[in-house]
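Let us read a protein model together, one feature at a time. Please look at the structure before we start.

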Amino acid sequence: MLSVELHTHSSLSYDGRDPIEMLLEQAAAVGLDALAVTDHDEYEASARAAELAPDYGLVGIPGMEVTSAAGHVLALGIEEPVPAGRPFEATLDLIRDAGGIAVVPHPFQESRSGVAANVTREALASADAVEVYNSRLLTGRANRQAERFARDHDLPMTAGSDAHIAEMVGQAVTRVDAEERDLQHILDAIRAGRTSVEGQRTPWRISFRQAAGGAKRRVKNRLREFF
């Protein structure tokens, strides 16, 4: 069983803080086997992190968090960036065309661009997997909804720290029963549902710091665009 972190953000995300090297260092320090950097609608840092991962004793999973017209979708294992703004089901197809698997993060958290409010249950069930434990939770209700949906529809389940700062990498992990310790076997095992999840809540002070930092960076970016 491999310990895999599937949901992190680097400084290339508008709301991320730290460079990929810090994310990789943290992943290695907490004993993970694999790491996916999933920046918002950005692929460059993740591809570079996947290249560097073996230097840290890790399997690198290239990916991104794609903003579909319905909300966020994790594209894991892709070989090229996936465009934002497309319809939900078209986004799933584009992710698969790019060699990856489509995992829906925090689907029932509408305030965080969860897709459940904007797609049919049938469409949601067409994803390759559902993130059923996201560390950045308030009451845990949305996580429980996601897990119940995944179980009702026999969908593979994943977890993710949704880390926007390096020290939160590994807060929630997906345990993957892969036949080999490499990218393709990890993706195959997730797709086949050979997973379990474990994790803990991101501390409130960290969640607040992440949210405040993201808001500050968004303002700076908009000011730069304006001027």
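Q: Which residue forms a salt bridge with R191, and how far apart are the closest N and O atoms?
A: A salt bridge is a side-chain nitrogen of Lys or Arg within 4 Å of a carboxyl oxygen of Asp or Glu. Here R191 pairs with D188, and the closest N and O atoms are 3.0 Å apart. This is a predicted model: local features need pLDDT of at least 70, side-chain atom pairs count only at pLDDT 80 or more, and totals for chains, interfaces and linings use all residues. Residues are numbered from 1 along each chain as its sequence is written, and side-chain values use heavy atoms, with hydrogens and water left out.

Q: Where do R191 and D188 lie?
A: Helices (H or I, at least four residues) and strands (E, at least two) are DSSP runs, numbered from the N terminus. Both R191 and D188 are in helix α6 (residues 183-192). They are 3 residues apart, about one turn of the helix.

Q: Are R191 and D188 buried, exposed or in between?
A: Buried means under 20% relative accessible area, exposed over 50%, and partly exposed in between (1.4 Å probe, protein chains only). R191 has 38% relative accessibility, so it counts as partly exposed. D188 has 31%, so it is partly exposed too.

Q: Which side chain does E147 meet in a salt bridge?
A: E147 meets R151, at 2.9 Å from N to O. Both lie in helix α5 (residues 141-152), 4 residues apart, about one turn of the helix. E147 is partly exposed at 29%, whereas R151 is exposed at 55%.

Q: What does the salt bridge between E167 and R17 tie together?
A: First, the contact itself: the two side chains meet at 3.0 Å, N to O. E167 lies in the loop between β7 (157-160) and β8 (172-176), and R17 in the loop between β1 (2-5) and α1 (20-29), so the pair ties together parts that are 150 residues apart in sequence. E167 is partly exposed at 33%, and R17 is partly exposed at 32%. R17, D18 and E167 are linked in a network of salt bridges.

Q: How many salt bridges are there by this rule?
A: The count comes to 9.

Q: What is the phi of D41, and where is D41 found?
A: D41 has a positive phi of about 55°, although it is not a glycine. D41 sits in the loop between β2 (34-37) and α2 (44-52). Its relative accessible area is 31%, so D41 is partly exposed.
D154 also has a positive phi of about 55° and is not a glycine. Its place is the loop between α5 and β7. D154 is exposed, at 71%.

Q: How many helices and strands are in the chain, and what share of its residues is buried?
A: There are 7 helices and 9 strands. Of the 227 residues, 55% count as buried.

Q: What share of the contacts joins residues at least 24 apart?
A: Contact means heavy atoms within 4.5 Å. Take the contacts between residues at least 6 apart in sequence: 67% of them join residues at least 24 apart.
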